[in-house]
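Please read them with the coordinates open.

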Amino acid sequence: MTDQTLQIPPAAPRRQMPWTSLLGVATILGVVALWSLAAGLGWASPVFLPAPGRVWAALMRAATDGYANATLLQHVGASLWRVMAALGCTMALGVPIGLLIATSRVGRGILDPLIEFIRPLPPLAYLPLIIIWCGIGEPSKILVIGLAMLAPIVISTVSGVRAASESQIRAARAFGATRGQLVREVMLPAALPSIFTGMRIALGAGWTTLVAAELVAATRGLGYMIQSAAQFLVTDMVIAGILVISALATVSEFALRAIERRYLPWIGRA
Amino acid sequence: MSLLRLSQVSLQYGPAEGRDVPPVLQGINLDIRRGDFISVIGRSGSGKTSLLNLAAGFLSPNLGRIEIDGRPVTGPGAERAVVFQDDALFPWRRVEDNVALALKLAGVPREDRLVRAHRWLADVGLDGQGAKQVWELSGGQRQRVGIARALAAEPEFLLMDEPLGALDAMTRDQMHELLLRLWRQSHAGALLITHSVEEALFLSTAVVVLAPDPGRIVLHEEFGYGRRFLDGEDPRALKSEPGFIAARERLLSAIYQEEHA
Ligand SMILES: Nc1ncnc2c1ncn2[C@@H]1O[C@H](COP(=O)(O)OP(=O)(O)O)[C@@H](O)[C@H]1O
Ligand SMILES: [Mg+2]
């Protein structure tokens, strides 16, 4: 009794259409060309707009000789560590908070106002307070970045839990799930796709906050490198730093997408 | 002999003080014993799903009692398993882990529960498909996984809400045979919600017709076609017997009596 009817073909892998990618590459090349032209024709002084070649040279200089007390790799390492540590801590805290808000009235009553309070605050606004409370060490930097990530993680978890269908929840209950099992077996897995979206938004917020966090008494990090360069109007190094942050953000986005494809293959085909 | 009994059950959605909300079900009396196969038919909105949700323990009645062997039902329980219309499988788990859900929740070690899940998968005709992902299966195969998941809980009562509603006619016929076989083999009491009169008549030891507004039982009749099929009679011959055709007309007119009155 095998039935071949209604065989659902696996969905095509989600991939950008080629011409869209081409358009993206063309746009970047166009901007670089325009930038070269502007710098080459001297439309702006090199202090304002160094040529792409000089930015590249600055990048190489930072990579080999180092800049602002450390090599580029060390700056990248410091920044990456801060952002990832903040993401890890925020996930460990934010997902349970989201589950509590989504599954318990008491949890929602207590935690929802707190999240709503933090959500609209710009990190620069609470940075001084965190320094007063936690000093200028590594924890403050991670805390600022983590706070910026908290709301997207919590909110995406809360809305993700709603992706569990009523019958899936009832199935778990019918087969004897306790409250904890219901959360572990149904609500959390159902929320994972949304949590991943939240992680991507959170990472964006993290990179945004990084430079602000490294404003304060940092001796390493891309934000610190950029600020050091800016103080001496080393514009090529500033742009190099910005490009590195942008590259890191892009790489982490693709890494998340790859993890999603590997571990959440059911997304969009349930 | 276990008995799932609904006595004088009424159900009303919404706030109790909202007097103008009419009851969805009123004065329902229904006994399901092990070995029974009871089908409930009725128009859309007549309260079939509500009835099943009451029996499953997802809802509590506003009036009346629901009992198993005299003990009141206060929620879902291990002696009742449910098959859902939309299959309600977990796409984040492989097929075998879906089937093993009840065993996992009960704390059975993974090795043991997978062995048992594979046996149930073989029983529903999905031998060797355990490692597949849910979305790699057809609609009919998914419903079989849902049935295997329910049977793996080794229930005394199997509650099914239109499990075949989304399947094509040929797959349905195959599933009828499967359901009857599994029902006999498991000795469970089955409650099947369906909107197919012929399906109800063919499968059941008794058919209950629900009429809407408020949902109530207007016909309760016993049949034996499923048993005769299991004893080897040809299904098409059974379905073209004059008795079968007359019974189908009786059930249909019970379903539609108020529209024509
Ligand atoms: N959760 C609910 N809240 C309010 N009304 C409901 C709910 N579920 C069903 N109803 C109403 O109860 C009636 C019976 O529904 P249902 O039991 O689903 O019938 P059936 O399964 O026979 O189509 C319908 O009028 C429906 O609108
Ligand atoms: Mg229904």
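This is a predicted model: local features need pLDDT of at least 70, side-chain atom pairs count only at pLDDT 80 or more; totals for chains, interfaces and linings use all residues.

1. The interface between the chains. The size of an interface is often given as the accessible area lost when the parts come together. Between chain A and chain B, about 3,000 Å² is buried, and carbon and sulfur atoms give 59% of that area. Chain A puts 26 residues into the contact and chain B puts in 38 residues.

2. Salt bridges across the interface. Side chains of opposite charge can pair when their charged atoms come close. Two salt bridges are counted between chain A and chain B. A salt bridge also joins the side chains of A:Glu185 and B:Lys104, with an N to O distance of 2.8 Å.

3. Salt bridges overall. Over all chains, the structure holds 25 salt bridges. One of them pairs A:Arg82 with A:Glu138, whose closest N and O atoms are 2.7 Å apart. This pair links distant parts of the chain, with the two residues 56 residues apart. A:Arg82 lies in helix α3 (residues 72-103) of chain A, and A:Glu138 lies in helix α6 (residues 138-161) of chain A.

4. Packing of α9(A) and α10(A). How are these two helices of chain A arranged, and at what angle do they pack? Helix α9 (residues 222-231) and helix α10 (residues 235-263) of chain A pack at about 160 degrees, with their axes 8 Å apart. Angles over 145 degrees count as roughly antiparallel, so α9(A) and α10(A) are roughly antiparallel to each other. Their crossing is left-handed.

5. Residues between these helices. From α9(A), the contact involves A:Leu222, A:Met225, A:Ile226, A:Ala229 and A:Ala230. They meet A:Met237, A:Val238, A:Gly241, A:Ile242, A:Val244, A:Ile245 and A:Leu248 in α10(A). By class, the contact of α9(A) with α10(A) has eleven nonpolar residues, one polar residue and no charged residues.

6. Backbone details in chain B. Most residues other than glycine have a negative phi, and most peptide bonds are trans. Two places in chain B are worth a look against that background. B:Asp213 and B:Pro214 are joined by a cis peptide bond, with omega about -15 degrees. B:Pro214 sits in the loop between β9 (206-211) and β10 (216-222) of chain B. B:Gln8, a residue other than glycine, has a positive phi near 50 degrees. B:Gln8 is placed in strand β1 (residues 3-11) of chain B.

Methods: Residues are numbered from 1 along each chain as its sequence is written. Chains are lettered from A and ligands numbered from 1 in the order in which they are written. Side-chain values use heavy atoms; hydrogens and water are left out. Axes are lines fitted to C-alpha atoms, for helices over the stretch in contact, and angles run from 0 to 180 degrees between N-to-C directions. Helices (H or I, at least four residues) and strands (E, at least two) are DSSP runs, numbered from the N terminus. Angles under 35 degrees count as roughly parallel, over 145 as roughly antiparallel, 65 to 115 as roughly perpendicular and the rest as oblique. A crossing is left-handed if the near helix is turned anticlockwise from the far one by less than a right angle, and right-handed if clockwise. Contact means heavy atoms within 4.5 Å. Ala, Val, Leu, Ile, Met, Phe, Trp, Tyr, Cys and Pro count as nonpolar, Asp, Glu, Lys and Arg as charged, and the others, Gly among them, as polar. Buried area is the accessible area (1.4 Å probe) that two parts lose on being put together, summed over both. A salt bridge is a side-chain nitrogen of Lys or Arg within 4 Å of a carboxyl oxygen of Asp or Glu.
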